Number of protein chains: 4
Amino acid sequence: VTELPPFSHLQLTPLPKVVVGGHEVRGGRLRDHADRMWKESRAISPDLLEAASAALDAADSRIRPGTCLPASPRILKFVEEPWAPFDATARQAVARLRQDIESFRMENDLGHVVVVNIASTEHLPREPLPQQWHELDSLLDTAAWPALPSSSIYAIAAFEANASYINFTPSLGATPAAIQQLALSRRLPHAGYDGKSGETMLKAVLAPMFAARHLHVSSWVGHNILGNLDGWVLQDATHKEPKLRSKDHLVGEVLGYAPQSLVSIEFIESMGDWKTAWNHIHFEGFMSTRMAFQFTWQGCDSILAAPLVIDLARLAERAHRDGEYGPMPWLSFFFKSSPTPVPQDFASQWDALTAWSESKKVSRSTAGATPSTLDRHS
Amino acid sequence: VTELPPFSHLQLTPLPKVVVGGHEVRGGRLRDHADRMWKESRAISPDLLEAASAALDAADSRIRPGTCLPASPRILKFVEEPWAPFDATARQAVARLRQDIESFRMENDLGHVVVVNIASTEHLPREPLPQQWHELDSLLDTAAWPALPSSSIYAIAAFEANASYINFTPSLGATPAAIQQLALSRRLPHAGYDGKSGETMLKAVLAPMFAARHLHVSSWVGHNILGNLDGWVLQDATHKEPKLRSKDHLVGEVLGYAPQSLVSIEFIESMGDWKTAWNHIHFEGFMSTRMAFQFTWQGCDSILAAPLVIDLARLAERAHRDGEYGPMPWLSFFFKSSPTPVPQDFASQWDALTAWSESKKVSRSTAGATPSTLDRHS
Amino acid sequence: VTELPPFSHLQLTPLPKVVVGGHEVRGGRLRDHADRMWKESRAISPDLLEAASAALDAADSRIRPGTCLPASPRILKFVEEPWAPFDATARQAVARLRQDIESFRMENDLGHVVVVNIASTEHLPREPLPQQWHELDSLLDTAAWPALPSSSIYAIAAFEANASYINFTPSLGATPAAIQQLALSRRLPHAGYDGKSGETMLKAVLAPMFAARHLHVSSWVGHNILGNLDGWVLQDATHKEPKLRSKDHLVGEVLGYAPQSLVSIEFIESMGDWKTAWNHIHFEGFMSTRMAFQFTWQGCDSILAAPLVIDLARLAERAHRDGEYGPMPWLSFFFKSSPTPVPQDFASQWDALTAWSESKKVSRSTAGATPSTLDRHS
Amino acid sequence: VTELPPFSHLQLTPLPKVVVGGHEVRGGRLRDHADRMWKESRAISPDLLEAASAALDAADSRIRPGTCLPASPRILKFVEEPWAPFDATARQAVARLRQDIESFRMENDLGHVVVVNIASTEHLPREPLPQQWHELDSLLDTAAWPALPSSSIYAIAAFEANASYINFTPSLGATPAAIQQLALSRRLPHAGYDGKSGETMLKAVLAPMFAARHLHVSSWVGHNILGNLDGWVLQDATHKEPKLRSKDHLVGEVLGYAPQSLVSIEFIESMGDWKTAWNHIHFEGFMSTRMAFQFTWQGCDSILAAPLVIDLARLAERAHRDGEYGPMPWLSFFFKSSPTPVPQDFASQWDALTAWSESKKVSRSTAGATPSTLDRHS
C-alpha cells in the first residue's frame with residue numbers, strides 16, 4: 001500500500017534500511033518456516049526462498065527468547081526450553097524484553113524501533129485490568145499474575161524502550177486504558193487491533209453497499225477454513241473467542257442495525273496458508289423480496305498480511321518522526337477494530353489514511369530519512 | 001434510496017402524488033405482466049399483486065402506443081398492430097409522443113413529467129449522428145431513417161414536451177451530442193445510462209478494494225444468466241453488444257489499468273427474473289502469489305431496478321424544480337456509465353449524491369411540493 | 001421416486017388411498033404450519049395451500065397427543081399442556097400410543113399402518129440400553145427412566161400395534177438391538193435412519209467419483225445453514241451432536257480412508273426452510289497437485305424430504321404386504337445410515353432399490369391393493 | 001486409475017517399460033513446456049521437473065515432425081518450418097507418419113505402440129467423408145484435400161502401422177465409419193473420444209442423482225475458463241464448436257429429456273492450466289418448487305488428463321494383447337463420447353470398466369509382460 005502514489009511524497013524509510021529482529025518462544029529457523037510456505041502451500045517460490053535465505057538467517061540471529069508469561073497450555077506446546085525462559089513476574093519479563101529492544105536499536109544503529117505483534121491469538125484475560133498506569137505498574141511484581149496477557153507485556157516493554165507499538169492481532173496488547181496512558185506519557189504512537197486482510201476487509205467493503213442501496217441485510221454468515229499455525233491455535237475455544245468477536249462486530253457498525261450474523265473459523269490442515277472464506281449474505285430488496293449474495297475468498301493468509309505489517313511499520317515510524325503519539329485512528333484501514341471509535345467502511349478508512357498522508361505535504365518533516373525498524377515477536 | 005436519512009430534507013414528491021403513464025409497443029395488461037413476476041419467479045407476493053391491481057389498471061389506461069421506429073426484427077416480434085402505429089418518419093413519431101406526454105401532464109394536472117427509458121436494450125445505430133441539433137433536427141423528416149434509435153426519438157420527444165429524461169438502459173437515448181444540445185437549450189435535466197443494480201454495482205464496490213490494497217487484478221470474468229424479457233431480447237447479438245460494453249468498462253476505469261475481462265450474459269428461461277451472476281476475479285498479492293475471489297449474486301432483476309427508477313424520477317424532478325439542467329453527474333451512483341466523466345467507484349458516487357443532497361440544505365427551494373410524475377415507455 | 005418407471009409394476013398404494021394421521025406435542029393447525037412454508041420461505045404456493053386446506057384439517061383431526069417422555073428442555077418449550085399428557089412411565093406412553101395407532105387403523109378401515117418418525121433430532125440417550133427385548137421390556141415400568149428416547153417409545157408402540165416403522169431422523173428409534181428383536185418377533189419391517197436429501201446425498205454421489213478416479217481427498221468441509229424448526233432445535237448442542245455424526249461418516253466409508261472432515265449446521269432464521277450447504281473438498285491429483293471442488297446446494301428442506309416420506313411409506317407397506325420383515329437394507333438409498341452395513345455410494349444404493357423392485361416382477365403379490373397409511377409424530 | 005485394486009491382476013505394462021515418443025508441429029523442448037506448468041500455474045514442483053529433465057530430453061529425441069495437413073490458420077501460427085514439413089497429400093502424410101511409428105517400435109524394441117491424440121481441438125471438417133474405407137483410401141492422393149482432418153490422418157497412419165489408437169480430444173480421429181472399417185480389418189483396438197476429467201465428468205456423476213430422485217432439471221449452465229494452449233486454440237470459433245458440442249450432450253442423455261443447457265469455455269490467460277468451471281443447475285422438486293445447485297471446479301487441466309492418458313495406453317495395450325479389436329466401449333469411463341452407444345452415467349461406466357477387468361481373471365493372457373508404448377502427437 002505504501003508504494004502507491006498517494007504515499008510517494010512521505011519519504012518513508014526505504015525497505016533496504018529496515019532491520020528485522022524479534023522475540024520468539026518457538027525454536028526453528030526462519031528459513032524452515034518460510035520453506036513450509038512453499039512445501040505446504042505453494043505460496044512462495046523456491047527461487048525467492050533461496051534468494052532470501054541469507055537475509056532470513058541474519059534476522060534469525062537478531063531474534064531473542066520471548067516470554068511465556070502467562071502462556072496457555074496450547075501455546076506451551078510450542079515452547080522450547082531452555083530457549084524461552086520462564087519469567088517469574090511480569091516485571092521481570094518487561095525488563096528483559098525492554099533490554100532486548102534497546103540492544104537491538106543500539107547494535108543496529110537504528111533511529112526508531114516499531115514493535116509489531118504478529119503472534120497467535122491469545123485467550124481472553126480472566127479479570128479486568130486497573131484503569132490507571134500506576135495501578136497496573138504496581139501489579140507487575142505479583143508472581144504468576146495471570147490477568148496480564150503476553151501481548152500487553154510486550155506492549156509495556158515496547159513503550160518503556162521508546163518503541164512504537166502495532167497490534168496486528170485480536171489480543172489485548174496496548175488496548176487497556178492503563179497501557180494507553182503509558183504510551184501517552186512516553187509520547188509514543190500505537191495502533192491496532194487485528195489486521196484486516198480477507199473476510200473482514202470484504203465486510204468493510206460490501207456492507208456499505210447494502211446500506212447505501214437500502215437493501216436490508218437479514219443475515220450474514222461467514223465460514224473460514226485455514227491450515228496454518230494460526231488456525232491450529234484457534235482450535236482452542238479460549239483462543240478462538242476473541243478472534244470471532246473481532247471478526248463479527250463490523251457489519252452491524254456499518255449497517256447501523258444488527259442482522260443475525262455468524263462467523264466460524266476452523267482448522268483444516270490441508271489448506272495450509274490458504275485461508276478460504278465462504279460468506280452468505282441474505283438480504284431483502286423492494287417489497288421484501290429476499291435475495292442472496294455469496295462469495296468465496298481464496299487468499300494466502302501470510303502473503304496478504306506480510307505487506308501490511310511492513311506498511312504499518314513504515315507509517316508508524318513516519319508518524320513518530322513527526323512527533324505524533326497516542327492511537328493512530330487514520331490507520332483503521334488496516335485493522336478490524338480500533339482503540340478509539342472510527343468509521344468502519346472501507347472507503348472512509350481509505351480517505352482517512354490518504355488525508356493523513358496529504359496533510360504531510362504541508363507539514364513535511366525536514367528531519368530526513370531516519371532508519372526505522374520492525375520488531376517481531378510471536 | 002431516497003427514503004434514507006441523507007435525503008429526508010429534500011421534500012421529494014410524496015409517492016402517492018406520483019402518477020405513472022407511459023408508451024408501449026406490446027399488448028397485454030400491466031397486471032398480467034406483474035402476475036408473471038409471481039408465477040415465474042415467486043418475486044412479488046399474490047397479496048401485493050391483488051392490492052395493486054386497481055392501480056395497475058389505472059396506469060394501463062394512461063399507456064399510449066409507442067413507436068416501432070426503427071425497431072429491430074426481434075422487437076417487432078412483440079408488436080401488436082394496430083396498437084402500435086408505424087410512424088412514417090422520426091418527425092412524425094416525435095410529434096405523436098410529445099403530444100402524448102403533454103396530454104398526460106395536462107389530464108393529470110402534473111407539475112413536471114420525467115420520462116424514464118426502461119425498454120429492452122436496443123441494437124447499436126448503424127451510422128454516426130450529426131453533432132449539432134439543427135443538423136439532426138433536419139434529418140427527422142427523412143423517411144425510414146435507420147440511424148436514430150427509438151430511445152433517442154423518445155428523448156427528443158421528452159425534451160420537446162419539457163420533460164426530464166432518464167436513460168435506465170445502455171441504449172443511446174439522450175447521449176448523442178446533438179440531443180444533449182437540445183436539452184441544454186430547453187434547460188432540462190437528463191441522466192444515464194444503464195441502471196447499475198447487480199454485477200456492475202459490485203464491480204464498482206469491489207474494484208476500489210483491489211486498487212487501495214495494491215492487489216493487481218489479472219482477470220475479471222463475469223457470467224450472467226437470466227430468464228426475463230430483457231434476457232430474451234439479449235439473445236440477439238446486435239442487442240447484446242451494447243449491454244456487454246456497458247458492463248465491461250468500469251473495472252479498468254477504477255483500477256487505472258485494464259485486466260483481461262470477460263462479461264457474458266445469457267438467456268436461461270427457467271431463471272425468470274432471477275439474474276444470477278458468477279464472477280471470478282484472479283489477482284496477485286505480495287511476491288506475485290495468485291489468489292482468487294468468486295461471488296454469486298442472486299438478485300431479482302426487476303425488484304432491484306424498480307425502486308431505483310422511482311428514486312431517479314424523484315431526484316430529477318427535484319433538480320428540475322431548482323432550475324438545474326443538462327447532465328446530472330451526481331446521479332452516477334445509479335448508472336453503469338455517464339455522459340460526462342465521473343469517478344466509477346461506488347463510495348465516490350455515493351459521496352457525490354449525498355453532497356448534492358447536502359447542498360440543498362442551503363439553497364432549499366421554497367416552491368413547496370410540486371407534483372412530479374414518471375413516464376414509462378418500453 | 002416411486003412414480004418413476006422402475007417402480008410402475010409394484011402396485012403401490014395409490015396416493016388417494018393413503019390416510020394421514022399422527023402424534024404431536026405442539027399445538028397449532030397443520031394449515032398454519034403449511035402457511036409458514038409460503039410466508040417465510042415462498043416454498044409452497046398459496047393456491048396449493050388453499051386447495052389442500054380441507055385435507056390438512058382432516059389430517060389434523062386424526063392427530064393425537066404425542067409423548068413428552070423424556071423430552072429435553074428445548075423440546076418442552078413447544079409443548080402445550082394439557083394437549084400433551086406427561087406419561088408417568090415409558091410403559092404408559094407405549095400403551096397410549098399403541099392404542100391410538102390401532103384406533104387409527106380401525107376408524108379409517110386401513111390395511112396397514114406405517115409409522116414414520118419425522119420429529120426433530122433428539123439428544124443422545126445418556127446410558128446404553130440392554131441388548132435383549134425382554135430386558136428392555138422389563139425396564140419400561142421404571143418411572144422417569146431417561147435412557148429410552150421418545151423415538152424408541154414410538155417405535156415400540158408401532159411394533160406392538162403391528163405397524164411398520166421408518167426412522168427419517170438421526171434419533172435412536174428402532175435402532176437398538178432389543179427393539180429390532182421386537183420387530184423380528186412381530187415380523188414387521190423397519191428402516192432408517194436419517195433421510196438423505198441434500199448435502200449428505202451429494203456426498204454419496206460425489207465421493208465415489210474421487211475414489212474411482214484415484215483422486216485423494218485431503219479434506220471435506222460442509223457448512224449448513226437453515227432457519228426452520230429443525231434448525232432451531234439443533235441450536236442445542238445435545239440435539240446437534242447426533243445430527244453431525246449422522247452427516248459425517250459417509251465420506252470415509254465410501255473412500256475407504258478418513259480425510260479430515262468437518263460438518264457444521266447452524267440456525268439462521270432468515271433462511272426459513274431453505275437449507276443452504278456450502279461444501280469445500282480439497283483433493284490431490286497426479287504428482288500431489290492440490291485442487292478444489294466447491295458446491296452450494298440451495299434446497300428447500302421440507303420440499304425435498306416430504307416426497308421421500310411418501311415413497312418410504314409406500315415401499316414399506318409393499319414389503320409388509322409380501323411378508324418381508326426386519327431391516328430393509330435396500331432402502332439405504334433414502335438414508336444417511338442403516339442399521340445393517342450397506343454400501344454408501346449412491347449408485348449402489350439405487351441399484352439395490354431397483355433390484356428389489358425388479359425381484360417383485362417374479363414374486364408379485366396377488367393380494368391386490370390393500371390400503372396403506374402413514375402415521376406422523378413429531 | 002489403473003493402480004487401483006480392481007486392476008491389480010491385469011499385469012499391465014509396468015511404467016518403467018513404457019517408452020514415450022510422438023509427433024509435433026511446434027518447436028520447443030518438452031522440459032520448457034513442462035517448466036511453464038510450474039512458472040505459470042505452480043502445478044508441478046521444480047524438484048520434480050529437475051528429476052524428470054533427462055527423461056523429458058530423451059522423449060524429445062523421439063519426437064518427429066507432425067503433419068500440418070490441413071491445419072487451420074490458428075494452428076499454423078505455432079508451426080516451425082522447416083521442422084514441420086508441409087505434406088503435399090494425405091497419402092504422403094500417412095506414409096511418413098506410419099514410417100515414423102514403425103521406426104519408433106523397432107528402434108525401441110517395443111511389443112506394441114498405442115497412438116494417443118492429445119493435440120488441440122480441430123475445427124470441424126467441411127464436408128462429409130465417404131462411408132467405405134476403399135472410397136476414403138482412394139481420396140488420399142487428392143492434393144490439398146481439406147475434408148480429412150489431421151487427427152484422422154494420424155489415426156490412419158496408426159492403423160497402417162499396426163498401432164492402437166486413442167482419441168483424447170473432440171476431433172474426428174478414428175470416428176468416421178471408413179476409418180473404423182480400417183481398424184476392424186487390421187484387428188486393432190481404438191477408443192474415444194474427448195477425455196472426461198472435469199466439468200463433464202461431474203455431469204456424468206451428478207445428472208444421475210437428479211434422475212434417480214425425480215428432480216426435474218430445468219436448466220444446466222456451465223461456464224469454463226482456462227489459460228493454457230488448449231484454451232488459446234479454443235478462442236477460434238471453428239475450433240470451439242466441436243468442444244462445446246462434446247461437452248453438452250451428456251446431461252440430456254442421462255436424464256432422458258433435454259433441459260435448457262449452455263456450455264461456454266473461454267480463454268483467460270492468467271488461469272494458466274487451472275481450468276475453472278462454474279455450473280448452475282436449476283431444478284424443480286416436489287410441487288414444482290425451484291431449487292439450485294452450483295459448483296466451482298478448480299482443477300489443473302494437464303494434471304487431471306495426464307494420468308488418464310497413461311491409463312488408456314496401458315488398457316489399450318492389454319486389450320490388444322488379448323486380441324481384442326474395434327471400439328472399446330468399456331473405456332467410456334474416460335471419455336465424453338463414444339463411437340458406439342454407451343450409458344453416460346459415471347457409475348455404469350465404472351461398472352463396465354471393472355467388469356472388463358474382472359473378465360480377465362478367467363481369460364488371463366499368458367503372454368507375459370510385452371512392453372507397450374505411447375505415441376504422442378499434437
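How much accessible surface does chain A have, and what share of that surface belongs to carbon and sulfur atoms? About 13,700 Å², with 55% belonging to carbon and sulfur atoms. (Areas come from the Shrake-Rupley method with a 1.4 Å probe; for residues, only the protein chains shown count as cover.)

This is a predicted model, where local features need pLDDT of at least 70, side-chain atom pairs count only at pLDDT 80 or more, and totals for chains, interfaces and linings use all residues. Residues are numbered from 1 along each chain as its sequence is written, chains are lettered from A and ligands numbered from 1 in the order in which they are written, and side-chain values use heavy atoms, leaving out hydrogens and water.

**Figure 1. Chain A on its own.** Chain A has 13 helices and 11 strands (DSSP runs numbered from the N terminus, with at least four residues of H or I for a helix and at least two of E for a strand). Its radius of gyration is 21 Å, close to the 21 Å that the globule rule gives for 378 residues, so chain A is as compact as a globular protein of that length. (That radius is taken over C-alpha atoms, and the rule is 2.2 Å times the number of residues to the power 0.38.) Along the principal axes, the C-alpha atoms of chain A fill a box of roughly 65 × 50 × 50 Å. Of its 378 residues, 62% count as buried (buried is under 20% relative accessible area, exposed is over 50%, and partly exposed is in between, with a 1.4 Å probe and protein chains only). Take the contacts in chain A between residues at least 6 apart in sequence: 77% of them join residues at least 24 apart. (A contact means heavy atoms within 4.5 Å.)

**Figure 2. Chains A and B, related by a turn.** Turn chain A by 180 degrees, with a shift of 0.0 Å along the axis, and it lies on chain B with an RMSD of 0.0 Å.

**Figure 3. Chains C and D, another pair.** A 180 degree rotation with 0.0 Å of shift along its axis puts chain C on chain D, at an RMSD of 0.0 Å. That is how a two-fold axis relates things. C:Phe295 is the residue of chain C that comes closest to this axis, at 2.0 Å for its C-alpha. Since 100% of the interface residues of chain C are also interface residues in chain D, the copies meet through the same surface.

**Figure 4. Rings that pair up.** Over all chains, a search of the whole structure finds 52 aromatic pairs. (Rings of Phe, Tyr and Trp, using the six-membered ring of Trp, pair if their centres lie within 6.5 Å; planes under 30 degrees apart are stacked, over 60 edge-to-face, and the rest tilted.) One of them joins B:Phe333 and B:Phe346: the ring centres are 5.0 Å apart and the planes at 45 degrees, so this pair is tilted. B:Phe333 is in the loop between strand E10 and helix H13 of chain B, while B:Phe346, 13 residues apart from it, is in helix H13. Both of these residues are buried. D:Phe159 and D:Tyr165 have ring centres 6.1 Å apart and planes at 65 degrees, so they make an edge-to-face pair. D:Phe159 and D:Tyr165 are both buried too.

**Figure 5. Rings and charges from chains A and B.** Ring pairs link residues of both chains into a cluster, including A:Phe295, A:Trp297, B:Phe295 and B:Trp297. The charged end of A:Arg213 sits over the ring of B:Phe333, 4.6 Å from its centre. B:Arg213 lies over the face of A:Phe333, also at 4.6 Å from the ring centre. (Here NZ of Lys or CZ of Arg must be within 6 Å of the ring centre and within 35 degrees of the ring normal.)

**Figure 6. A close look at C:Asp194.** You'll find C:Asp194 in the loop between strand E5 (189-192) and helix H8 (199-212) of chain C. At 1% relative accessibility, C:Asp194 counts as buried. Beyond its neighbours within four places in sequence, C:Asp194 has contacts that include C:Asn167, C:Lys243, C:Phe334 and C:Lys336.

Note on methods. Copies are superposed by least squares on the C-alpha atoms of residues with pLDDT of at least 70 in both.
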